[in-house]
Amino acid sequence: MAASHAKQHDYHLVNPSPWPLTSSIAAFVLMFGAIVWMRSQDGGAGIFGVTGPWVFWLGFLGVVASAAAWWRDVIREGNEGEHTPVVQLHFRYGMILFIASEVMFFVAWFWAYFDVALFPKSVHDLLNTTDLVGQVSRDQLVGGQWPPVPVEGTGVTVPATGAATPGVFQHTFDPWGIPLLNTLILLASGVTVTWAHHAMLKNDRRGIILGLLLSVLLGMIFTFFQWYEYQHAAFSFAGHIYGATFFMATGFHGFHVIVGTIFLLVCLIRAMRGAFTPKAHFGFEAAAWYWHFVDVVWLFLFASIYVWGAGPNAGGVGH
């Protein structure tokens, strides 16, 4: 009689879980809070009387809590033997598709950068609404060249109000200073992650822990240097197209570095508790794939934005 209830297949039929619902609600609150926060900047009106960042942070905490609880349950299911070879294969398919979606995410930022970098003299109808109608050429924004002509207090004047969005561009970063250092740091972290992976396959517990520990430390060092670089940027995020494209591309990469560092940190804690085996370590494998993706994106950023796009007046931090 007991045998009739035994599992007769390689698939995992998950139990009912509240986390998809709570994650969706938290993500909606996060999105709503972000919109409210942006609308209420500089004394602007919020939505339905709600202003300030507290809704955003409430949604953010909800997303983090739901994700942590959901992944905790996935780890528990793996410990109970639910992650058969077929299930692990499907996990890999899912991670590959996720990374593919992340690739397309960064394609958008590279597209924005190269669109203006390769065509700095084109004319675009930037303002075309019932309230704000005007045509602004890129000559006015970047001086018809890339990198832009160094100017102070540039910006697009809004015809309806006559107000100008403040923007500053003095020079690009020297690619052979902190950007090169950060490149070496990320490449070194890729080596330590690979070291940890090979140690995992050999069931070398000490190698796993040491490799992951170094990877986490290198990720934190990279984040510190990027923060330091941002503090010394000779251009503004708002009001200037160079700053907008630079900070969106490198900033989202920095966010991915932080996420990847947390990912590796969780794997380090699990490895110290003896959670992984040579045949069952998809959690670590997913983190390693994600980290290598972050490395590759940075190489493209370094080569295209920092080196190719440096221009003759590069001279930021490290110059």
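L214 is partly exposed because its relative accessibility is 32%, where buried means under 20% relative accessible area, exposed over 50% and partly exposed in between (1.4 Å probe, protein chains only). The model is predicted, so that local features need pLDDT of at least 70 and side-chain atom pairs pLDDT 80 or more, while totals for chains, interfaces and linings use all residues. Residues are numbered from 1 along each chain as its sequence is written, and side-chain values use heavy atoms, without hydrogens and water.

L214 is placed in helix α6; helices are DSSP runs of H or I of at least four residues, and strands runs of E of at least two, numbered from the N terminus. Together with W195, L213, L217 and M220, L214 forms a nonpolar surface patch with about 440 Å² of accessible area. Helix α6 (residues 205–231) supplies 4 residues, the largest share of the patch. Nonpolar patches join side chains of Val, Leu, Ile, Met, Phe, Trp and Tyr within 5 Å, from residues with over 30% relative accessible area and no salt bridge (a side-chain nitrogen of Lys or Arg within 4 Å of a carboxyl oxygen of Asp or Glu). Areas follow the Shrake-Rupley method with a 1.4 Å probe, and for residues only the protein chains shown count as cover.

Residues 208–228, listed as "transmembrane region" in an unreviewed UniProt entry, are 100% helix and 0% strand, with end C-alpha atoms 30 Å apart. UniProt positions follow the numbering used here, feature names are shortened, and annotations may be inferred rather than shown by experiment.

Terms used
Patch = residues over 30% accessible without salt bridge, like charges linked within 9 Å, V, L, I, M, F, W, Y side chains within 5 Å.
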